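Dear colleague,

Please find the structure below, handed over for your use. My findings follow directly after it.

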Amino acid sequence: ALRSDRGPAAAFLFHASTKTLPEVLDRSMVGLPKGALRSMQSSINDETFLFIYNISTKQVGGIFLPDGRPTMNIVPDAFVAAAGRPFPAQLRLRLITPKFFTIPLPKEVDSRSGPMDPDSLKTLADLLIKRGQELHRERQARRQGAERDLERDERQARAYEADDEAVRARALRARQQEAERNERVVRSSNRDEARRADRIEYQGADVTFTDPDIVAGLSNRKVREALQDPSKLEKLFRDPELRPLIEKMMSAMGLDGWTKAEIAKEEQAHQELLRKAERERERS
């Protein structure tokens with residue numbers, strides 16, 4: 001039932017239900033039965049505070065101000081689908097608080113739809129403002145917590161990136177050091193090979209060659225072995241490819257006279273062996 005009206009009221013209480021409240025908020029409009037229009041028009045002016053009481057949950061919310069004058073059928077089919085019947089006495093409203101939220105209706109506040117006395121207005125306004133401040137502090141605390149979490153996550157991400165960068169830097173240094181070690185080994189091996197290639201020991205004497213042909217020839221394993229074993233050296237004289245190299249090496253060691261005598265002797269012995277072998281074949 002509607003409370004009686006005695007001129008413009010400080011506040012006005014509208015009813016809604018869990019089914020109709022979403023439409024009220026979506027349309028920014030309230031509605032009452034046709035018979036309530038006179039009370040609405042006489043009790044509500046531009047400065048009348050408006051509240052919505054959810055009869056399903058016993059919660060009251062606000063705070064609104066009128067956005068126009070109460071009239072019939074601003075939206076004729078409003079609330080019909082949700083409530084199953086029309087509420088043609090309608091009023092546009094606008095929310096003046098940052099958000100719409102509800103509190104339990106205090107026992108000292110009349111739950112009937114209609115004009116509200118100043119004491120009820122003060123009670124509801126104080127409770128809603130207090131609840132709004134609590135919600136604001138809760139939102140601030142959640143936002144600050146989220147910001148702290150975000151800052152912590154960013155610090156962790158930077159730390160992980162720094163760790164990854166340090167790991168990559170250590171791996172790069174390790175690869176560079178390994179490459180440097182390998183390069184030193186190769187250079188050392190090349191120097192050793194070069195020393196082995198241009199130096200030999202011949203009959204107890206350390207001999208170094210500078211002639212590039214001789215240096216190249218010393219890479220031949222047979223040549224190096226022959227220089228250590230004169231018996232093998234003599235066999236190389238019969239090799240037409242190696243004989244010029246052997247002659248140049250012996251000359252470089254100051255043994256060219258010996259070389260020519262030995263060569264002649266070896267050739268004579270070789271020819272004698274060939275003739276002997278021929279005679280044996282003829283007798284057989």
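Asp 126 and Lys 122 lie four residues apart in helix α4, and are therefore separated by about one helical turn; helices here are DSSP runs of H or I of at least four residues, strands are runs of E of at least two, and both are numbered from the N terminus. The two residues form a salt bridge, with the closest N and O atoms 2.9 Å apart (a side-chain nitrogen of Lys or Arg within 4 Å of a carboxyl oxygen of Asp or Glu). Asp 126 is partly exposed at 38% relative accessibility, whereas Lys 122 is exposed at 53% (buried means under 20% relative accessible area, exposed over 50%, partly exposed in between, with a 1.4 Å probe and protein chains only).

This is a predicted model, in which local features need pLDDT of at least 70 and side-chain atom pairs pLDDT 80 or more, while totals for chains, interfaces and linings use all residues. Residues are numbered from 1 along each chain as its sequence is written, and side-chain values use heavy atoms, without hydrogens and water.

The count of salt bridges comes to 14. Among them, Arg 181 pairs with Glu 178 at 2.5 Å between the closest N and O atoms, and Arg 279 pairs with Glu 272 at 3.8 Å. Arg 131, Glu 134 and Glu 138 are linked in a network of such bridges.

The largest nonpolar core has 22 residues, and Phe 14, Met 40 and Leu 50 have the most contacts inside it (a core is a set of buried Ala, Val, Leu, Ile, Met, Phe, Trp, Tyr and Cys residues joined through side-chain atoms within 4.5 Å). A second, separate core of 15 residues includes Val 109 and Leu 124.

Kind regards
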